[in-house]
Amino acid sequence: MLSKLVLLLIFTFGFGAVNVGEKAPSFYLRTLDNNKFFLSKEIEKGEPILISFFATWCKPCRDEHIYIKKFENEKKIKVIGINYKDDPEKAIQWLKKFGNPYSYVAIDKNGKIAIDWGVYGIPETFIINSNGIIKYRHVGPIIKKTYKKINLIIKQNEYCLLYT
C-alpha cells in the first residue's frame, strides 16, 4: 500500500521535473564526436533552442525525427539532441542513416540529465528561450499536429523566446 502511495505522489507531483517558466537545469556532457563537451550555458547565448531527448532504440524517436529535421531546416530555432541511455556508436550510425539535425548531440549514457530535467519517457522535447527559461515542454513524439503547434508557438513568441 505504501509503495502505491509513493508512486502516486511521484506521478502527481513529479520527480525532479522542471516546469514551463523555470530555468532549464544545467549540465555538462560529452558530445557524440568525443572531442567536445557540451555545457548547458550554450543555451543562453541569445537564441531560442529546441532540446530533444532521443535514443536509437526508441521507435517514437524515429517517427518524430522527420519533424526534428524540419525544425533544423527552417532555421527558426537551434536544435540540440540529448542521446538518452544509448550506445554512442549506434547513435552515430543512426544519425548518418536518417540525417543529423542537431547542432550538438550530448550523451546522457546513464540518464542522469534526463532525471534532472524530469524526463520520464522519450522522446521528450523542450523549447528554451535565450535566457535559459523553459517556454514549452512536450512529452511523446512530435507528430504533424504537434509540429504545427510548436511552430506556431515559435512564430507567436519569437520576441518572447529571445528576450523573456
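A residue counts as buried when its relative accessible area is under 20%. In this predicted model, tyrosine 67 has a relative accessible area of 15%, so tyrosine 67 is buried.

Let's start with where this residue sits. Tyrosine 67 belongs to helix α2, which covers residues 59-74. Setting aside neighbours within four places in sequence, tyrosine 67 is in contact with Ile142, Ile143, Lys144 and Tyr147.

Helix α2 lies across β3, β4 and β6, and runs at about 160° to β3. The open sheet is built from five strands with mixed pairing, in the order β5-β4-β3-β6-β7. Strands β5 and β7 stand at the edges with a single partner strand each, so one side of each has no neighbour in the sheet. On average, neighbouring strands here are turned by 20° against each other, direction ignored.

Here are the strands with their residue ranges:

| Strand | Residues |
|---|---|
| β3 | residues 49-54 |
| β4 | residues 78-84 |
| β5 | residues 104-108 |
| β6 | residues 124-128 |
| β7 | residues 134-139 |

Which strand does β6 pair with in the antiparallel sense over five bridges? The partner is β7, the edge strand mentioned above. For a handy landmark on this pairing, look at threonine 125, which stands opposite histidine 138 in β7.

Terms used. Residues numbered from 1 in each chain as written. Predicted model: local features only at pLDDT ≥ 70, side-chain atom pairs only at ≥ 80, totals over all residues. Heavy atoms only, no water. Helix = DSSP H or I, 4+ residues; strand = E, 2+ residues; numbered from the N terminus. Buried < 20%, exposed > 50% of the residue type's maximum accessible area, 1.4 Å probe, protein only. Contact = heavy atoms within 4.5 Å. Pairing = 2+ DSSP bridges. Axes fitted to C-alpha atoms, helices over the stretch in contact; angles between N-to-C directions.
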